[in-house]
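How do the parts of one chain meet, and what lies between them? The following paragraphs go through one such meeting place.

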Amino acid sequence: MNKIAPELIAELKEKKEPEKGLPPLEVGGALVMRFAPNPNGPPTLGSARGIVVNSEYTKKYKGKLIIRFDDTDPATKRPMLEAYTWYLEDCEWLGAKPDEVVIASDRIDKYYEVAEQLIKKGGAYVCFCEQETFKALKDEKKACQHRNEKPQKNLEFWKKMLAGEYKEQEAVLRIKTDIAHKDPAIRDWVAFRIIKTPHPRPEVGGKYCVWPLLDFEGAVEDHLLGTTLIIRGKDLTDSETRQRYVYKYMGWTYPETMHWGRVQIHEFGKLSTSGIKKAIAEGQYSGWDDPRLPTIRAIKRRGILPEALRKFMLDLGLGETDISLSLDTLYAENRKIIDPVANRYFFVWDPVELEVEGAEPKIAKAPLHPTRGGIREIPAGTTVLITKNDADSLKEGERLRLKDLYNIEVISISPLQVKFIGTDMDLVKKEKARIIHWAPLDGLKVRVLSPDREFIGMGEHGMEKEVDKVVQFERFGFVRIDSVNGDEIVAYFTHK
RNA sequence: GCUCCGAUAGUGUAGCACGGCCAAUCAUGUCAGACUCUCACUCUGACGACUGGGGUUCAAAUCCCCAUCGGAGCACCA
(Lines give C-alpha, C1' and ligand atoms only; values in the text may rest on other atoms or scores of the structure.)
Protein backbone atom coordinates (compact mmCIF):
# COMPACT_ATOMS: atom_id res chain seq x y z
CA MET A 1 0.00 0.00 0.00
CA ASN A 2 2.77 2.34 0.94
CA LYS A 3 4.43 1.66 -2.37
CA ILE A 4 1.36 1.88 -4.51
CA ALA A 5 -0.18 4.98 -3.09
CA PRO A 6 1.98 6.82 -0.55
CA GLU A 7 -0.14 9.91 -0.96
CA LEU A 8 -3.16 8.01 0.30
CA ILE A 9 -1.31 7.04 3.46
CA ALA A 10 -0.27 10.61 3.96
CA GLU A 11 -3.83 11.72 3.50
CA LEU A 12 -5.09 9.17 5.99
CA LYS A 13 -2.57 10.32 8.54
CA GLU A 14 -3.57 13.89 8.00
CA LYS A 15 -7.18 13.03 8.62
CA LYS A 16 -6.33 11.07 11.73
CA GLU A 17 -4.47 13.98 13.22
CA PRO A 18 -6.28 17.14 12.33
CA GLU A 19 -4.57 20.37 13.08
CA LYS A 20 -5.16 21.29 16.68
CA GLY A 21 -6.29 24.69 17.73
CA LEU A 22 -6.99 27.28 15.11
CA PRO A 23 -8.85 26.48 11.93
CA PRO A 24 -6.86 26.96 8.75
CA LEU A 25 -7.32 30.20 6.87
CA GLU A 26 -7.88 30.78 3.21
CA VAL A 27 -5.47 33.56 2.58
CA GLY A 28 -5.58 34.97 -0.90
CA GLY A 29 -2.88 37.62 -0.86
CA ALA A 30 -0.97 39.14 2.00
CA LEU A 31 -2.40 38.77 5.47
CA VAL A 32 -2.64 41.87 7.64
CA MET A 33 -4.16 41.59 11.08
CA ARG A 34 -4.44 43.87 14.01
CA PHE A 35 -4.99 43.65 17.70
CA ALA A 36 -6.80 46.77 18.89
CA PRO A 37 -7.07 47.33 22.63
CA ASN A 38 -8.04 50.38 24.57
CA PRO A 39 -5.12 50.90 26.94
CA ASN A 40 -7.32 51.81 29.88
CA GLY A 41 -5.70 49.09 31.96
CA PRO A 42 -3.12 46.37 31.53
CA PRO A 43 -3.76 43.44 29.21
CA THR A 44 -5.78 40.64 30.75
CA LEU A 45 -6.28 37.00 29.99
CA GLY A 46 -8.99 38.13 27.59
CA SER A 47 -6.52 40.34 25.74
CA ALA A 48 -4.12 37.43 25.64
CA ARG A 49 -6.52 35.52 23.45
CA GLY A 50 -6.57 38.33 20.93
CA ILE A 51 -2.83 38.79 21.02
CA VAL A 52 -2.06 35.11 20.71
CA VAL A 53 -4.57 34.24 18.01
CA ASN A 54 -3.67 37.21 15.83
CA SER A 55 0.02 36.58 16.20
CA GLU A 56 -0.37 32.87 15.55
CA TYR A 57 -2.11 33.49 12.26
CA THR A 58 0.30 36.15 11.09
CA LYS A 59 3.22 33.91 11.98
CA LYS A 60 1.73 30.95 10.23
CA TYR A 61 0.83 32.76 7.03
CA LYS A 62 3.75 35.20 7.09
CA GLY A 63 1.43 38.12 7.56
CA LYS A 64 1.81 41.43 9.31
CA LEU A 65 0.70 42.01 12.89
CA ILE A 66 -0.29 45.47 13.99
CA ILE A 67 -1.13 46.62 17.47
CA ARG A 68 -3.43 49.59 17.38
CA PHE A 69 -4.35 51.49 20.49
CA ASP A 70 -7.98 52.50 20.23
CA ASP A 71 -7.63 55.30 22.72
CA THR A 72 -10.24 57.70 21.46
CA ASP A 73 -12.18 58.11 24.67
CA PRO A 74 -10.44 60.52 27.02
CA ALA A 75 -13.34 60.52 29.46
CA THR A 76 -15.41 57.38 30.08
CA LYS A 77 -12.78 54.76 29.36
CA ARG A 78 -9.83 56.99 29.86
CA PRO A 79 -6.51 55.46 28.77
CA MET A 80 -3.76 54.86 31.31
CA LEU A 81 -0.37 56.11 30.23
CA GLU A 82 1.52 53.12 31.63
CA ALA A 83 -0.76 50.69 29.85
CA TYR A 84 0.62 51.51 26.41
CA THR A 85 4.00 50.17 27.50
CA TRP A 86 2.44 47.26 29.37
CA TYR A 87 0.70 46.08 26.23
CA LEU A 88 3.91 46.15 24.25
CA GLU A 89 5.79 44.35 27.03
CA ASP A 90 3.18 41.69 27.44
CA CYS A 91 2.87 41.14 23.69
CA GLU A 92 6.57 40.57 23.50
CA TRP A 93 6.50 38.26 26.49
CA LEU A 94 3.79 36.26 24.74
CA GLY A 95 5.96 35.94 21.66
CA ALA A 96 3.76 38.31 19.72
CA LYS A 97 5.92 41.31 19.04
CA PRO A 98 3.91 43.48 16.64
CA ASP A 99 5.38 44.59 13.33
CA GLU A 100 3.77 47.98 13.67
CA VAL A 101 2.39 50.10 16.48
CA VAL A 102 -0.37 52.59 15.80
CA ILE A 103 -1.93 54.99 18.24
CA ALA A 104 -5.32 56.28 17.24
CA SER A 105 -5.05 59.50 19.22
CA ASP A 106 -2.11 60.43 17.00
CA ARG A 107 -4.21 60.11 13.90
CA ILE A 108 -7.32 62.13 14.64
CA ASP A 109 -6.72 64.43 11.65
CA LYS A 110 -7.01 61.47 9.31
CA TYR A 111 -10.42 60.66 10.74
CA TYR A 112 -11.49 64.28 10.31
CA GLU A 113 -10.54 64.12 6.64
CA VAL A 114 -12.70 61.08 6.05
CA ALA A 115 -15.52 62.70 7.99
CA GLU A 116 -15.37 65.75 5.78
CA GLN A 117 -15.49 63.66 2.65
CA LEU A 118 -18.46 61.75 3.99
CA ILE A 119 -20.29 64.97 4.74
CA LYS A 120 -19.64 66.22 1.24
CA LYS A 121 -20.94 62.96 -0.19
CA GLY A 122 -24.06 63.30 1.93
CA GLY A 123 -23.15 60.24 3.95
CA ALA A 124 -22.92 62.00 7.28
CA TYR A 125 -24.72 64.82 9.03
CA VAL A 126 -24.44 66.89 12.16
CA CYS A 127 -27.27 66.08 14.52
CA PHE A 128 -28.38 68.37 17.31
CA CYS A 129 -31.06 66.09 18.74
CA GLU A 130 -30.93 65.18 22.39
CA GLN A 131 -30.15 61.53 22.96
CA GLU A 132 -33.66 60.56 24.07
CA THR A 133 -35.28 62.51 21.27
CA PHE A 134 -33.22 60.75 18.67
CA LYS A 135 -33.75 57.35 20.20
CA ALA A 136 -37.51 57.84 20.19
CA LEU A 137 -37.47 58.81 16.52
CA LYS A 138 -35.08 56.00 15.65
CA ASP A 139 -37.26 53.41 17.35
CA GLU A 140 -40.10 54.54 15.11
CA LYS A 141 -37.88 54.47 12.04
CA LYS A 142 -38.27 58.21 11.67
CA ALA A 143 -35.59 60.62 10.53
CA CYS A 144 -34.88 63.72 12.56
CA GLN A 145 -34.93 67.21 11.07
CA HIS A 146 -31.14 67.35 10.78
CA ARG A 147 -30.93 64.33 8.54
CA ASN A 148 -31.95 66.16 5.40
CA GLU A 149 -29.73 69.18 5.83
CA LYS A 150 -27.62 70.06 2.78
CA PRO A 151 -23.99 68.86 2.82
CA GLN A 152 -22.84 72.47 2.56
CA LYS A 153 -24.68 73.34 5.74
CA ASN A 154 -23.45 70.21 7.51
CA LEU A 155 -19.91 71.11 6.60
CA GLU A 156 -20.43 74.43 8.27
CA PHE A 157 -21.76 72.81 11.41
CA TRP A 158 -18.89 70.33 11.38
CA LYS A 159 -16.32 73.11 11.23
CA LYS A 160 -18.02 74.76 14.15
CA MET A 161 -17.89 71.50 16.06
CA LEU A 162 -14.17 71.21 15.41
CA ALA A 163 -13.67 74.83 16.39
CA GLY A 164 -15.18 74.06 19.78
CA GLU A 165 -18.21 76.27 19.33
CA TYR A 166 -20.60 73.70 20.75
CA LYS A 167 -20.84 72.23 24.20
CA GLU A 168 -20.55 68.53 24.97
CA GLN A 169 -23.80 66.73 24.17
CA GLU A 170 -24.89 69.55 21.92
CA ALA A 171 -23.95 68.07 18.57
CA VAL A 172 -22.74 64.78 17.08
CA LEU A 173 -21.81 63.63 13.62
CA ARG A 174 -23.96 60.73 12.47
CA ILE A 175 -23.40 58.31 9.64
CA LYS A 176 -26.42 58.13 7.39
CA THR A 177 -27.42 54.50 7.07
CA ASP A 178 -31.00 53.37 6.60
CA ILE A 179 -33.26 54.95 9.17
CA ALA A 180 -35.79 52.17 8.60
CA HIS A 181 -33.21 49.36 8.80
CA LYS A 182 -34.88 46.34 10.34
CA ASP A 183 -32.17 46.13 12.95
CA PRO A 184 -32.41 49.19 15.20
CA ALA A 185 -28.74 48.82 16.06
CA ILE A 186 -27.78 49.93 12.58
CA ARG A 187 -29.84 53.09 12.16
CA ASP A 188 -27.82 56.31 11.79
CA TRP A 189 -25.06 55.73 14.29
CA VAL A 190 -22.83 58.31 15.90
CA ALA A 191 -19.35 58.70 14.46
CA PHE A 192 -18.05 61.69 16.43
CA ARG A 193 -18.98 63.36 19.68
CA ILE A 194 -17.68 66.33 21.63
CA ILE A 195 -15.44 65.68 24.64
CA LYS A 196 -13.68 68.59 26.27
CA THR A 197 -11.70 66.50 28.74
CA PRO A 198 -8.07 66.58 27.61
CA HIS A 199 -6.50 63.33 26.50
CA PRO A 200 -4.07 61.80 29.03
CA ARG A 201 -1.25 61.58 26.50
CA PRO A 202 0.78 64.79 26.77
CA GLU A 203 1.40 64.72 23.00
CA VAL A 204 -2.31 65.10 22.47
CA GLY A 205 -3.69 66.78 25.55
CA GLY A 206 -6.36 69.34 24.75
CA LYS A 207 -5.64 69.41 21.04
CA TYR A 208 -9.04 68.01 20.07
CA CYS A 209 -12.54 68.40 21.37
CA VAL A 210 -14.21 66.19 18.77
CA TRP A 211 -13.47 62.49 19.15
CA PRO A 212 -14.44 59.55 16.94
CA LEU A 213 -16.26 56.54 18.35
CA LEU A 214 -14.84 53.07 17.97
CA ASP A 215 -16.94 52.09 14.98
CA PHE A 216 -15.71 55.07 12.99
CA GLU A 217 -12.12 55.10 14.11
CA GLY A 218 -11.83 51.36 13.58
CA ALA A 219 -13.45 51.53 10.18
CA VAL A 220 -11.06 54.17 8.92
CA GLU A 221 -8.00 52.58 10.49
CA ASP A 222 -8.68 49.13 9.15
CA HIS A 223 -8.77 50.65 5.71
CA LEU A 224 -5.67 52.80 6.21
CA LEU A 225 -3.69 49.91 7.68
CA GLY A 226 -4.75 47.55 4.94
CA THR A 227 -6.21 45.06 7.39
CA THR A 228 -7.34 41.96 5.55
CA LEU A 229 -8.72 39.92 8.42
CA ILE A 230 -10.34 41.10 11.61
CA ILE A 231 -10.88 38.74 14.50
CA ARG A 232 -12.78 40.24 17.38
CA GLY A 233 -15.36 39.52 20.01
CA LYS A 234 -18.90 38.84 18.93
CA ASP A 235 -20.05 41.90 20.82
CA LEU A 236 -18.76 43.72 17.77
CA THR A 237 -20.60 41.74 15.10
CA ASP A 238 -22.96 44.61 14.44
CA SER A 239 -20.01 46.90 13.89
CA GLU A 240 -19.44 45.29 10.57
CA THR A 241 -22.88 46.21 9.27
CA ARG A 242 -22.45 49.75 10.55
CA GLN A 243 -18.96 50.19 9.22
CA ARG A 244 -19.86 48.86 5.81
CA TYR A 245 -21.83 52.06 5.20
CA VAL A 246 -18.64 54.06 5.54
CA TYR A 247 -16.84 51.64 3.25
CA LYS A 248 -19.59 51.90 0.69
CA TYR A 249 -19.56 55.72 0.66
CA MET A 250 -15.79 55.75 0.38
CA GLY A 251 -15.55 52.93 -2.12
CA TRP A 252 -13.32 50.80 0.11
CA THR A 253 -13.21 47.04 0.48
CA TYR A 254 -14.19 45.63 3.83
CA PRO A 255 -11.84 43.11 5.48
CA GLU A 256 -12.84 39.54 6.24
CA THR A 257 -14.16 39.09 9.75
CA MET A 258 -14.33 36.38 12.38
CA HIS A 259 -15.80 36.55 15.84
CA TRP A 260 -15.48 34.71 19.05
CA GLY A 261 -17.69 34.47 22.11
CA ARG A 262 -17.11 35.83 25.54
CA VAL A 263 -14.66 34.09 27.81
CA GLN A 264 -15.33 33.76 31.48
CA ILE A 265 -12.87 32.23 33.87
CA HIS A 266 -14.20 30.46 36.96
CA GLU A 267 -11.34 31.51 39.15
CA PHE A 268 -11.86 35.18 38.45
CA GLY A 269 -15.55 35.62 37.83
CA LYS A 270 -16.67 38.94 36.48
CA LEU A 271 -14.05 41.60 36.92
CA SER A 272 -14.08 44.73 34.83
CA THR A 273 -11.06 46.88 34.23
CA SER A 274 -12.73 49.84 35.83
CA GLY A 275 -13.82 47.73 38.81
CA ILE A 276 -10.29 46.49 39.36
CA LYS A 277 -8.92 49.98 39.04
CA LYS A 278 -11.21 51.10 41.80
CA ALA A 279 -10.39 48.13 44.03
CA ILE A 280 -6.67 48.76 43.65
CA ALA A 281 -7.15 52.39 44.59
CA GLU A 282 -9.04 51.25 47.67
CA GLY A 283 -6.22 48.91 48.60
CA GLN A 284 -8.10 45.65 48.06
CA TYR A 285 -5.39 44.49 45.69
CA SER A 286 -1.68 45.14 45.94
CA GLY A 287 -1.52 46.29 42.32
CA TRP A 288 -2.21 45.19 38.76
CA ASP A 289 -0.05 42.12 39.28
CA ASP A 290 -1.81 40.96 42.41
CA PRO A 291 -2.04 37.16 42.11
CA ARG A 292 -5.80 37.29 42.43
CA LEU A 293 -6.18 39.32 39.24
CA PRO A 294 -6.65 38.03 35.71
CA THR A 295 -4.01 40.30 34.21
CA ILE A 296 -1.14 38.98 32.14
CA ARG A 297 1.23 40.70 34.54
CA ALA A 298 -0.19 38.71 37.43
CA ILE A 299 -0.10 35.43 35.53
CA LYS A 300 3.49 36.13 34.58
CA ARG A 301 4.44 36.89 38.14
CA ARG A 302 2.89 33.66 39.30
CA GLY A 303 5.22 31.69 37.09
CA ILE A 304 3.01 30.74 34.19
CA LEU A 305 5.18 30.52 31.10
CA PRO A 306 4.19 32.26 27.88
CA GLU A 307 4.32 29.01 25.91
CA ALA A 308 1.72 27.50 28.22
CA LEU A 309 -0.56 30.50 27.94
CA ARG A 310 -0.23 30.51 24.15
CA LYS A 311 -1.09 26.85 23.89
CA PHE A 312 -4.01 27.30 26.23
CA MET A 313 -5.43 30.17 24.20
CA LEU A 314 -4.86 28.46 20.87
CA ASP A 315 -6.62 25.31 22.03
CA LEU A 316 -9.77 27.30 22.64
CA GLY A 317 -10.20 27.57 18.92
CA LEU A 318 -12.42 30.19 17.40
CA GLY A 319 -15.94 29.33 18.44
CA GLU A 320 -18.72 31.87 18.65
CA THR A 321 -20.10 30.20 21.72
CA ASP A 322 -19.51 31.86 25.04
CA ILE A 323 -17.15 29.78 27.07
CA SER A 324 -16.61 29.48 30.74
CA LEU A 325 -13.39 27.82 31.65
CA SER A 326 -11.22 26.90 34.53
CA LEU A 327 -7.52 27.55 34.71
CA ASP A 328 -6.84 23.85 35.40
CA THR A 329 -6.02 23.25 31.78
CA LEU A 330 -3.61 26.16 31.75
CA TYR A 331 -1.95 24.82 34.87
CA ALA A 332 -1.64 21.36 33.35
CA GLU A 333 -0.07 22.89 30.27
CA ASN A 334 2.35 24.87 32.40
CA ARG A 335 3.21 21.89 34.58
CA LYS A 336 4.27 19.92 31.53
CA ILE A 337 6.86 22.57 30.75
CA ILE A 338 7.96 23.30 34.27
CA ASP A 339 8.07 19.93 35.97
CA PRO A 340 11.09 18.62 34.09
CA VAL A 341 13.18 21.68 34.97
CA ALA A 342 12.00 22.98 38.33
CA ASN A 343 14.28 22.29 41.27
CA ARG A 344 12.78 20.86 44.42
CA TYR A 345 12.94 22.41 47.85
CA PHE A 346 11.38 21.94 51.24
CA PHE A 347 9.04 24.58 52.51
CA VAL A 348 7.19 24.18 55.77
CA TRP A 349 4.15 26.36 56.22
CA ASP A 350 2.55 26.96 59.60
CA PRO A 351 5.68 25.43 61.13
CA VAL A 352 5.70 23.36 64.30
CA GLU A 353 8.92 22.50 66.10
CA LEU A 354 9.73 18.84 66.42
CA GLU A 355 12.48 17.78 68.74
CA VAL A 356 13.77 14.36 67.85
CA GLU A 357 15.06 12.41 70.84
CA GLY A 358 18.23 10.52 70.21
CA ALA A 359 18.95 12.15 66.88
CA GLU A 360 22.38 13.39 65.92
CA PRO A 361 22.80 16.52 63.84
CA LYS A 362 23.07 15.45 60.23
CA ILE A 363 23.33 16.86 56.76
CA ALA A 364 20.49 15.59 54.63
CA LYS A 365 21.27 14.93 50.99
CA ALA A 366 18.27 15.33 48.80
CA PRO A 367 17.97 15.37 45.01
CA LEU A 368 17.46 18.75 43.43
CA HIS A 369 15.21 17.03 40.94
CA PRO A 370 13.89 13.46 41.03
CA THR A 371 15.19 12.44 37.63
CA ARG A 372 17.53 15.11 36.41
CA GLY A 373 20.11 14.70 39.17
CA GLY A 374 21.88 17.23 41.37
CA ILE A 375 22.07 17.18 45.12
CA ARG A 376 21.11 19.70 47.72
CA GLU A 377 22.50 19.52 51.24
CA ILE A 378 20.34 20.51 54.16
CA PRO A 379 21.93 20.64 57.61
CA ALA A 380 19.45 19.39 60.20
CA GLY A 381 19.83 19.79 63.91
CA THR A 382 18.10 17.63 66.46
CA THR A 383 15.03 19.81 66.16
CA VAL A 384 13.32 20.36 62.82
CA LEU A 385 10.16 22.03 61.61
CA ILE A 386 7.18 20.28 60.15
CA THR A 387 3.89 21.74 58.99
CA LYS A 388 1.02 21.96 61.40
CA ASN A 389 -1.10 19.84 59.08
CA ASP A 390 1.32 16.95 59.39
CA ALA A 391 1.82 17.50 63.11
CA ASP A 392 -1.91 17.37 63.71
CA SER A 393 -2.29 14.14 61.80
CA LEU A 394 0.32 12.21 63.77
CA LYS A 395 -0.84 9.25 65.84
CA GLU A 396 0.76 7.84 68.93
CA GLY A 397 3.10 5.02 68.05
CA GLU A 398 3.18 5.93 64.38
CA ARG A 399 6.49 5.43 62.65
CA LEU A 400 7.28 7.68 59.75
CA ARG A 401 10.11 9.17 57.76
CA LEU A 402 11.36 12.68 57.48
CA LYS A 403 12.12 12.82 53.79
CA ASP A 404 15.76 12.34 52.89
CA LEU A 405 16.71 12.47 56.57
CA TYR A 406 15.77 9.65 58.96
CA ASN A 407 12.93 7.77 60.59
CA ILE A 408 11.05 8.72 63.71
CA GLU A 409 8.45 7.25 65.99
CA VAL A 410 5.77 9.24 67.76
CA ILE A 411 5.95 8.73 71.50
CA SER A 412 3.13 11.00 72.49
CA ILE A 413 0.84 13.51 70.91
CA SER A 414 0.48 16.11 73.62
CA PRO A 415 3.02 17.11 74.34
CA LEU A 416 4.38 16.14 70.95
CA GLN A 417 7.32 13.80 71.48
CA VAL A 418 9.16 11.75 68.88
CA LYS A 419 12.30 9.68 68.86
CA PHE A 420 14.93 8.74 66.33
CA ILE A 421 14.59 5.15 65.14
CA GLY A 422 17.17 4.84 62.41
CA THR A 423 17.76 5.70 58.82
CA ASP A 424 16.77 2.54 57.07
CA MET A 425 14.55 2.95 54.02
CA ASP A 426 12.99 -0.42 54.76
CA LEU A 427 10.61 1.37 57.08
CA VAL A 428 9.02 3.00 54.09
CA LYS A 429 9.33 0.01 51.77
CA LYS A 430 8.10 -2.65 54.18
CA GLU A 431 5.85 -0.79 56.59
CA LYS A 432 4.59 1.65 54.01
CA ALA A 433 5.35 4.40 56.46
CA ARG A 434 4.38 7.94 55.55
CA ILE A 435 7.01 10.35 54.34
CA ILE A 436 6.73 13.94 55.37
CA HIS A 437 8.93 16.88 54.57
CA TRP A 438 10.61 19.22 57.01
CA ALA A 439 12.76 22.30 57.25
CA PRO A 440 15.78 23.23 59.35
CA LEU A 441 15.33 25.58 62.29
CA ASP A 442 17.79 28.08 60.82
CA GLY A 443 16.32 28.11 57.34
CA LEU A 444 14.99 31.00 55.33
CA LYS A 445 11.76 32.74 56.13
CA VAL A 446 9.39 32.24 53.24
CA ARG A 447 6.17 33.98 52.37
CA VAL A 448 4.05 32.47 49.61
CA LEU A 449 1.35 34.57 48.00
CA SER A 450 -1.44 32.59 46.43
CA PRO A 451 -4.83 33.72 45.14
CA ASP A 452 -6.53 32.14 48.15
CA ARG A 453 -4.26 32.91 51.04
CA GLU A 454 -0.80 33.76 52.19
CA PHE A 455 1.48 31.03 53.55
CA ILE A 456 4.19 31.91 56.00
CA GLY A 457 6.85 29.47 57.02
CA MET A 458 10.40 28.25 56.72
CA GLY A 459 12.28 26.93 53.76
CA GLU A 460 15.67 25.41 53.20
CA HIS A 461 18.67 27.40 51.98
CA GLY A 462 19.41 27.36 48.28
CA MET A 463 16.15 28.68 46.98
CA GLU A 464 17.41 32.23 47.37
CA LYS A 465 19.48 31.58 44.25
CA GLU A 466 16.38 30.81 42.20
CA VAL A 467 14.94 34.31 41.96
CA ASP A 468 12.58 34.64 39.01
CA LYS A 469 12.60 30.88 38.51
CA VAL A 470 9.84 28.42 39.14
CA VAL A 471 10.67 25.73 41.66
CA GLN A 472 8.64 23.07 43.36
CA PHE A 473 8.07 23.10 47.08
CA GLU A 474 7.65 19.41 47.72
CA ARG A 475 4.20 18.37 48.83
CA PHE A 476 3.07 21.95 48.34
CA GLY A 477 3.18 22.92 44.71
CA PHE A 478 5.06 24.98 42.18
CA VAL A 479 6.05 28.45 43.08
CA ARG A 480 7.91 31.31 41.44
CA ILE A 481 10.62 32.80 43.62
CA ASP A 482 9.80 36.47 43.33
CA SER A 483 12.30 38.25 45.52
CA VAL A 484 14.69 38.05 48.44
CA ASN A 485 14.44 40.77 51.05
CA GLY A 486 17.15 40.29 53.62
CA ASP A 487 16.54 36.81 54.96
CA GLU A 488 12.96 36.61 53.75
CA ILE A 489 11.91 35.01 50.50
CA VAL A 490 8.75 36.03 48.74
CA ALA A 491 7.30 33.47 46.38
CA TYR A 492 4.17 33.41 44.25
CA PHE A 493 2.13 30.26 44.09
CA THR A 494 1.96 28.90 40.55
CA HIS A 495 -0.17 25.78 40.85
CA LYS A 496 -0.16 22.33 42.40
C1' G B 1 -39.94 45.24 22.01
C1' C B 2 -36.69 44.90 17.51
C1' U B 3 -32.25 42.49 15.18
C1' C B 4 -28.38 39.01 14.91
C1' C B 5 -25.75 34.65 16.63
C1' G B 6 -24.83 30.10 19.03
C1' A B 7 -25.93 24.88 21.38
C1' U B 8 -20.94 17.84 21.21
C1' A B 9 -18.91 14.46 28.26
C1' G B 10 -17.78 18.52 34.61
C1' U B 11 -14.73 21.98 31.38
C1' G B 12 -12.57 23.22 26.60
C1' U B 13 -12.32 21.16 21.78
C1' A B 14 -12.37 17.76 16.82
C1' G B 15 -16.01 16.11 13.41
C1' C B 16 -20.68 19.61 10.53
C1' A B 17 -19.14 23.49 4.09
C1' C B 18 -19.07 17.63 0.45
C1' G B 19 -24.85 12.78 5.28
C1' G B 20 -22.50 6.58 5.66
C1' C B 21 -15.53 5.02 7.80
C1' C B 22 -18.85 8.56 14.51
C1' A B 23 -21.92 3.10 19.64
C1' A B 24 -18.16 10.22 18.13
C1' U B 25 -11.47 12.97 18.60
C1' C B 26 -7.97 15.12 21.73
C1' A B 27 -6.90 17.65 26.19
C1' U B 28 -8.20 18.69 31.01
C1' G B 29 -10.97 16.80 35.20
C1' U B 30 -12.68 12.90 38.63
C1' C B 31 -11.98 7.86 40.55
C1' A B 32 -8.98 3.39 40.96
C1' G B 33 -4.22 1.01 40.45
C1' A B 34 1.28 0.85 39.31
C1' C B 35 5.85 3.55 39.94
C1' U B 36 8.29 6.93 43.23
C1' C B 37 12.33 8.80 49.80
C1' U B 38 6.75 14.65 47.31
C1' C B 39 0.03 14.68 47.94
C1' A B 40 4.43 16.31 41.86
C1' C B 41 5.85 13.68 37.38
C1' U B 42 5.15 9.17 34.51
C1' C B 43 2.28 4.80 33.26
C1' U B 44 -2.42 1.72 33.17
C1' G B 45 -7.56 1.42 33.53
C1' A B 46 -12.41 3.38 34.44
C1' C B 47 -16.09 7.53 34.17
C1' G B 48 -18.32 10.83 30.85
C1' A B 49 -21.57 14.17 25.35
C1' C B 50 -24.23 14.91 19.83
C1' U B 51 -30.38 20.31 23.97
C1' G B 52 -35.62 18.38 22.73
C1' G B 53 -39.29 17.29 18.91
C1' G B 54 -40.56 16.69 13.95
C1' G B 55 -39.05 16.22 8.68
C1' U B 56 -35.86 14.71 4.23
C1' U B 57 -33.09 10.04 3.29
C1' C B 58 -31.65 3.25 2.45
C1' A B 59 -28.61 6.25 6.06
C1' A B 60 -28.43 12.46 10.12
C1' A B 61 -23.92 14.99 15.26
C1' U B 62 -23.75 16.55 10.04
C1' C B 63 -29.29 18.97 5.72
C1' C B 64 -34.51 21.50 6.72
C1' C B 65 -38.43 23.22 10.21
C1' C B 66 -40.22 24.17 15.17
C1' A B 67 -39.36 24.51 20.36
C1' U B 68 -36.17 25.29 24.48
C1' C B 69 -31.96 27.32 26.53
C1' G B 70 -27.82 30.64 26.26
C1' G B 71 -25.27 35.08 24.38
C1' A B 72 -24.71 39.79 21.84
C1' G B 73 -26.30 44.59 19.73
C1' C B 74 -30.17 48.55 19.66
C1' A B 75 -24.56 54.30 24.05
C1' C B 76 -22.42 61.06 22.58
C1' C B 77 -18.07 52.97 26.10
C1' A B 78 -14.30 50.06 23.91
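**Where domain 1 and domain 3 meet**

In this predicted model, four residue pairs are in polar contact across the interface of domain 1 and domain 3, with both residues of each pair at pLDDT 80 or more.

Arg301 and Asp482 form a salt bridge through their side chains, with 2.8 Å from N to O. For a salt bridge, the nitrogen of Lys or Arg has to lie within 4 Å of a carboxyl oxygen of Asp or Glu, so the distance of 2.8 Å between Arg301 and Asp482 qualifies.

Chain A is divided into domain 1, made of 27-105 and 261-315, domain 2, which covers 107-259, and domain 3, which covers 344-495. Domain 1 gives eight residues to the contact and domain 3 gives ten. Taken over C-alpha atoms, the centres of domain 1 and domain 3 are 39 Å apart.

Between domain 1 and domain 3, about 780 Å² of area is buried, and carbon and sulfur atoms give 56% of this. Pro291, Arg301 and Arg302 are the residues of domain 1 that lose the most area to domain 3, together 69% of what that side buries.

By class, the lining of the second largest pocket has eight nonpolar, six charged and two polar residues.

Methods: Residues are numbered from 1 along each chain as its sequence is written. Chains are lettered from A and ligands numbered from 1 in the order in which they are written. This is a predicted model: local features need pLDDT of at least 70, side-chain atom pairs count only at pLDDT 80 or more; totals for chains, interfaces and linings use all residues. Side-chain values use heavy atoms; hydrogens and water are left out. Domain bounds come from an automatic or database domain assignment. Contact means heavy atoms within 4.5 Å. Buried area is the accessible area (1.4 Å probe) that two parts lose on being put together, summed over both. A polar contact is a pair of N or O atoms within 3.5 Å; within protein, one must be able to donate a hydrogen and the other to accept it, and residues adjacent in sequence count only if both atoms are side-chain atoms. Ala, Val, Leu, Ile, Met, Phe, Trp, Tyr, Cys and Pro count as nonpolar, Asp, Glu, Lys and Arg as charged, and the others, Gly among them, as polar.
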